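Please read them with the coordinates open.

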Amino acid sequence: MTLLSRTPPHERSGGAGRTDIMSAEARSRLMARIGGRNTKPEVILRKALFRLGFRYRLHPRDIPGRPDMVFPRWRAVVFVHGCFWHGHDCHLFKWPKGNAVFWRAKISGNVERDRRTLDALTAQGWRVLTVWECALRGRGRLPVESIAQTVSNWLMAGDPSRDIPR
Ligand code: ZN
């Protein structure tokens, strides 16, 4: 689980649970209009890699951290990490106002878990590529085809674990 689909608290609009009071029909109309799930950066990247000919497993339970994409042939995994939930040092990360103790514990717990996951994967011989949300969204974003090409090069070159952006 990479928590990319969950909205950080400081980006939530007012009226908690607003979509929850929409009828299922209204929500499905809205989702269709905005492209629904398929516009999520993670899915767009996944599809770009598929078009390049890569095949992968999604969130397999038997791999530490249940990576977003696992490429058995390349002994490699890819995570797409939300910058807020995974505590990325970038412009998309901002500490929420209030509940400072809670949020410090929550985010640092996630960061610590990511570190343990990386260690476990590395120990099993997996290479790990982490694509951060800020590479796919916001003012620093790159074209998804360009990111897919970088991932493709990384997979086939057998390069060591790395992040995008670095
Ligand atoms: Zn970031």
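Predicted model: local features only at pLDDT ≥ 70, side-chain atom pairs only at ≥ 80, totals over all residues.

The points below go from the overall layout to single residues.

1. The protein chain has five helices and four strands. In sequence order the pattern is α-α-β-β-α-β-α-α-β. Of its 166 residues, 24% count as buried. Take the contacts between residues at least 6 apart in sequence: 66% of them join residues at least 24 apart.

2. The core. The largest nonpolar core has 27 residues. Leu45, Val77, Val78, Val131, Ile147 and Val151 touch the most other members. Two or more residues each come from H2, S1, strand S2 (76-81), strand S3 (127-132), helix H4 (133-136) and helix H5 (144-157). S2 gives the most, with five residues. As background, nonpolar side chains tend to be buried together in soluble globular proteins.

3. Val131. This is one of the core residues that touch the most other members. Which residues does Val131 contact, leaving aside neighbours within four places in sequence? They are Leu45, Val78, Val80, Leu136, Ile147 and Ile164.

4. Val151. This residue lies in helix H5. Is Val151 buried or exposed? Val151 is buried, because 22 other C-beta atoms lie within 10 Å and the cut-off is 20 or more. Beyond four places in sequence, Val151 is in contact with Leu49, Val78 and Leu129.

5. The H2–H5 pair. The two axes come within 9 Å and cross at roughly 60°. H2 and H5 are therefore oblique to each other. Their crossing is right-handed. On the H2 side the meeting residues are Ile44, Leu45, Ala48 and Leu49. On the H5 side they are Val144, Glu145, Ile147, Ala148, Val151 and Ser152.

6. Leu52. Leu52 is found in the loop between helix H2 (41-51) and strand S1 (69-71). Leu52 is partly exposed, with 13 other C-beta atoms within 10 Å. Leaving aside neighbours within four places in sequence, Leu52 is in contact with Ala148 and Ser152. Both of these residues are among those in H5 that meet H2. Leu52 and Glu145 are 93 residues apart along the chain, yet their C-alpha atoms are separated by 9.6 Å.

7. Helix H3. H3 is hardly covered: one of its 24 residues is buried. Gly125 follows H3 and has a positive phi, near 85°.

8. Phe93. The loop between S2 and H3 holds Phe93. Phe93 and Cys134 are 41 residues apart in sequence and 9.4 Å apart in space, C-alpha to C-alpha.

9. Backbone points to check. His59 is not a glycine, but its phi is positive, about 45°. His59 lies in the loop between H2 and S1. His59 is partly exposed, with 13 other C-beta atoms within 10 Å. Arg75 also has a positive phi of about 45° without being a glycine. Arg75 lies in the loop between S1 and S2. Arg75 counts as partly exposed, with 13 C-beta neighbours inside 10 Å.

10. The cis peptide. Ile164 and Pro165 are joined by a cis peptide bond, with omega about -5°. Pro165 is in the segment after strand S4 (162-164). Ile164 is also one of the contacts of Val131.

Terms used. Residues numbered from 1 in each chain as written. Buried ≥ 20, exposed ≤ 12 C-beta atoms within 10 Å, placed from the backbone. Contact = placed C-beta atoms within 7 Å. Core = buried A, V, L, I, M, F, W, Y, C linked by C-beta atoms within 7 Å. Axes fitted to C-alpha atoms, helices over the stretch in contact; angles between N-to-C directions. Parallel < 35°, antiparallel > 145°, perpendicular 65-115°, else oblique. Left-handed = near helix turned anticlockwise from the far one by under 90°.
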